[in-house]
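I open the notebook here. I want to look up a pocket, a residue and a helix.

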2 protein chains.
Amino acid sequence: MEERMREIEEQERRIKTRMAKIKHKLAILSGKGGVGKSTIAANLAIAFARKSYRVGILDADIHGPSIPKMLGLRGQELMASRIEGLGIFPVRGPFDIKVVSMDFLLQSDETPVIWRGPAKIGVIRQFLADVVWGDLDFLLVDLPPGTGDEPLSVMQLIPNIDGVLMVTAPSEVSQIVVKRAIGFTKELHVPLIGIIENMSGFVCPKCGAEFDILGTGGGRRISEELNVPFLGRIPIDQNVCEDSDKGTPFVIQHAESLTAKAFMEVVGKIEEYLRHLGERP
Amino acid sequence: MEERMREIEEQERRIKTRMAKIKHKLAILSGKGGVGKSTIAANLAIAFARKSYRVGILDADIHGPSIPKMLGLRGQELMASRIEGLGIFPVRGPFDIKVVSMDFLLQSDETPVIWRGPAKIGVIRQFLADVVWGDLDFLLVDLPPGTGDEPLSVMQLIPNIDGVLMVTAPSEVSQIVVKRAIGFTKELHVPLIGIIENMSGFVCPKCGAEFDILGTGGGRRISEELNVPFLGRIPIDQNVCEDSDKGTPFVIQHAESLTAKAFMEVVGKIEEYLRHLGERP
């Protein structure tokens, strides 16, 4: 028992050391699944990396990791260093993005991860403590939906997290869930950078008519109601899904699209937030 | 310790007694969030109830319960029986559907449920053991995304579960996640009734052009690859989201739409499955 306690303390020391080398840690959260959290994490990583920032992504969705697929990295493996005790090397993605995901540890597509909370926390701790993240400007943590074990552990384990990006779909049903997730950040005293409304409206590529397939305006409504910054709305674009399936991020493949431009505006706002953060005394 | 063990045994006895009064128990699962699992659960309940079946829904999504919103039941409360030990009464929804959800226990929209696994399992056990479900033809369990604590507990706690309905979005990214969820049902030896491909294609209401916004065909591909029944594809319809937001299920509000018809075909296939189940020796 005492030995186990020592191990945990030792692990937390390692997490602190590794995290100290990373300038900004951002967590991407959403109460509800399927709002495009991973798509946003993957494209955000690409957008930052293109601006010559050094970027890492921790895919903390243990049951349904999808970052590797979106970045065209499926089938790759995490390699342990030959030097004893140095740690595990992340997979290198496009623009040299460092990626760690449960997907790299699973044997086949059909292997389910039937793990209860403690096992999931265990692997997240290892991803933070034993991965050779090195010096980074950004670590983006793609969290699974909800406010359970994984988001809780990540928030508690990463020292000085810069803040949370809250992703929501525009529907009212999503809004209720996202409000709870905002309550979660408040309760844990983690700064909320702002809300991103994803999948907001669809413009018919043939006739130009616009449809609010999944509703619209929900993100802005919450931001006003709860007095939280609104980072922007990103319209639905068929190419986003196609590009994700191909493993080629849409911000590069379809840089000229309305959707990519909306996305880059969000990126600008995040940079602005971080600049102001730096100016604080 | 011994007393706690006795309590748990007693609780499991109560679960068995309550569940014995329910003819069919179906769990709605998807590896990935946001594929419309709750929408399908809510509309399935309505479809069965309209056919004069007695229906209950257990909303097992503890962090992001959305069934009450979709059925127009927000703000309602679970009431304990005045008769000591009888249990808690479910909220009555449209067509007298019995609904139990974490949402009924939360004080406000902003209350997050920051619970780790054991607490979540605890509340699900209570929902099964202490709710006066009564005699039902169907209990539909709307599970949260993933293959973690909640789905695992539900599968292990409900005796003789009839099977799982697996919901997927058509994209390839969703497919990988759903494959893992299918692996989960195999590992737990729970019958998989079939796959429902939701949000499959969008027909522009103005010009009639069809777009695979979120891809198409993914559900059928998995069903062929893994030799699992395919129950149907449900096209995207703006009204689905609007109706859910209003708390009026779309199978009733837009019964004549392509999407509602596709949905009713799925319902027919589930009934067929259950009939054959009854015929088994």
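What volume does the largest pocket have? I find about 260 Å³. A pocket here is an open set of points on a 1 Å grid over the protein atoms alone, where a 1.4 Å probe fits, with protein on both sides within 12 Å along at least five of seven lines.

I note the ground rules. This is a predicted model: local features need pLDDT of at least 70, side-chain atom pairs need 80 or more, and totals for chains, interfaces and linings use all residues. Residues are numbered from 1 along each chain, chains are lettered from A, and side-chain values use heavy atoms, without hydrogens and water.

Next I list the lining (residues with an atom within 4 Å of a point). The largest pocket has 15 lining residues, and the closest to its centre are A:V203, A:P235, A:I236, A:L258 and A:T259. Strand 11 of chain A gives the largest share, 4 residues.

Now I turn to B:R50. It lies in helix 2 (residues 37-50) of chain B; helices are DSSP runs of H or I, at least four residues, and strands are E runs of at least two. B:R50 is partly exposed, at 48% relative accessible area. Buried means under 20%, exposed over 50%, partly exposed in between, with a 1.4 Å probe and protein chains only. Beyond four places in sequence, B:R50 is in contact with B:F95, B:V251 and B:I252; contact means heavy atoms within 4.5 Å.

Last, I check helix 5 (residues 149-157) of chain B. Of its 9 residues, 8 are buried, so this helix is largely enclosed by the rest of the structure. Among the buried ones I see B:D149 and B:L157.

Note on methods:
Grid points are joined across faces, edges and corners, and a volume is the space filled by probe spheres set on the points.
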